[in-house]
Amino acid sequence: MSAGRSERLAGQRPWLVRRDSGLYGYERALGRAGLAPVAGADEAGRGACAGPLVAAAVILSPDRSRQITGLKDSKLMTAKARDRAYDEIRSKALDWSVVAVGSAECDRLGMHVANIQALRRAVLRLECRPEFVITDGFGVDGIGAPGLAMWKGDRVAACVAAASVIAKVTRDRIMTELAQTYPAYGFEVHKGYCTAEHQAALDRVGPCVEHRRRFDNVVAAERATQSRPAVDRTGHDETRLEWQR
């Protein structure tokens, strides 16, 4: 932490956020404490058994005229509302970034470590350096700024809600593209999560390279299909996707 940040934090009275302060209340309170800009970070796909883990970081403008219309936790929004918010966030935010961690790296690291690293990478990719970072659920070190891990942060802090939208829309679009390469699984519908439809496809044809072998259902499906005749699931040996901002 820089000397300037330490001085601003040292000896300060606790900052309070009223219950009725709205989704932007935390950013306003941190700004009054001299800790602006504030970044929010969130991920999408942690619980999926296929596809990448995607994390995003967003710094929203403090200008009321640049607030995001209808912003809330991405899981509580329709797909059309998320798409609208995604475009608005990208045009109005002071800065944003998004990173994807592939299924193979998720297997190598384990999901918790992959999640922390993805959030860290997203924050560090911001060109506008935050003075404070709010993360959803998990504390993240090594981000160059003080931070707060907030339970259900995407429901109470605007910057985290914005990051959840960027992460989810990005990941949903990746999974929709993967569905064209791996049509047997219905990725465009369930986005790689462990639904009954997805499991039925796994049991029928086994996993592809986009499935995470750390998940028991994937391992079981792979073992069950190993003795069967080879199935051409994709028409391709391997798919490599590079997602850049």
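**Reading the model together**

Trainee: Let's start with R171. Which helix is R171 found in?

Mentor: R171 is found in helix 6, residues 158-181. Helices here are DSSP runs of H or I with at least four residues, strands are runs of E with at least two, and both are numbered from the N terminus. Before we go on, this is a predicted model, in which local features need pLDDT of at least 70, side-chain atom pairs count only at pLDDT 80 or more, and totals for chains, interfaces and linings use all residues. Residues are numbered from 1 along each chain as its sequence is written, and side-chain values use heavy atoms, with hydrogens and water left out.

Trainee: Thanks! Is R171 buried or exposed?

Mentor: R171 is buried, with a relative accessible area of 2%. Buried means under 20% relative accessible area, exposed means over 50%, and partly exposed is in between, using a 1.4 Å probe and protein chains only.

Trainee: What does R171 touch?

Mentor: Leaving out residues up to four places away in sequence, R171 touches A44, G45, A48, A50, G51, P52, V54, K191, Y193 and R212. A contact means heavy atoms within 4.5 Å.

Trainee: What do most residues do with phi?

Mentor: Most residues other than glycine have a negative phi, and most peptide bonds are trans. K152 is another residue to look at, with a positive phi of about 55° although it is not a glycine. K152 has its place in the loop between strand 5 (147-150) and helix 6, and at 40% relative accessibility K152 counts as partly exposed.

Trainee: And the peptide bond from A36 to P37, cis or trans?

Mentor: That bond from A36 to P37 is cis, with omega near 5°. P37 sits in the loop between helix 2 (25-32) and strand 1.

Trainee: New topic: strands. How many residues of strand 2 are buried?

Mentor: In strand 2 (residues 53-59), 7 of its 7 residues are buried. L53, A55, A57 and I59 point one way, while V54, A56 and V58 point the other way.

Trainee: Why do they point two ways?

Mentor: In a regular strand the side chains alternate between the two faces of the sheet.

Trainee: How many bridges join strand 2 to strand 1, and how many to strand 3?

Mentor: Strand 1 (residues 38-44) is joined to strand 2 by 6 bridges, and the two run antiparallel. Strand 2 and strand 3 (residues 95-101) share 7 bridges and also run antiparallel. Two strands pair if DSSP finds at least two bridges between them.

Trainee: How many aromatic pairs does a search of the whole structure find?

Mentor: It finds 1 aromatic pair. The rings of Y185 and F187 have their centres 5.3 Å apart and their planes at 15°, so the pair is stacked. Rings of Phe, Tyr and Trp (its six-membered ring) pair if their centres lie within 6.5 Å; planes under 30 degrees apart count as stacked, over 60 as edge-to-face and the rest as tilted. Y185 and F187 are both buried.
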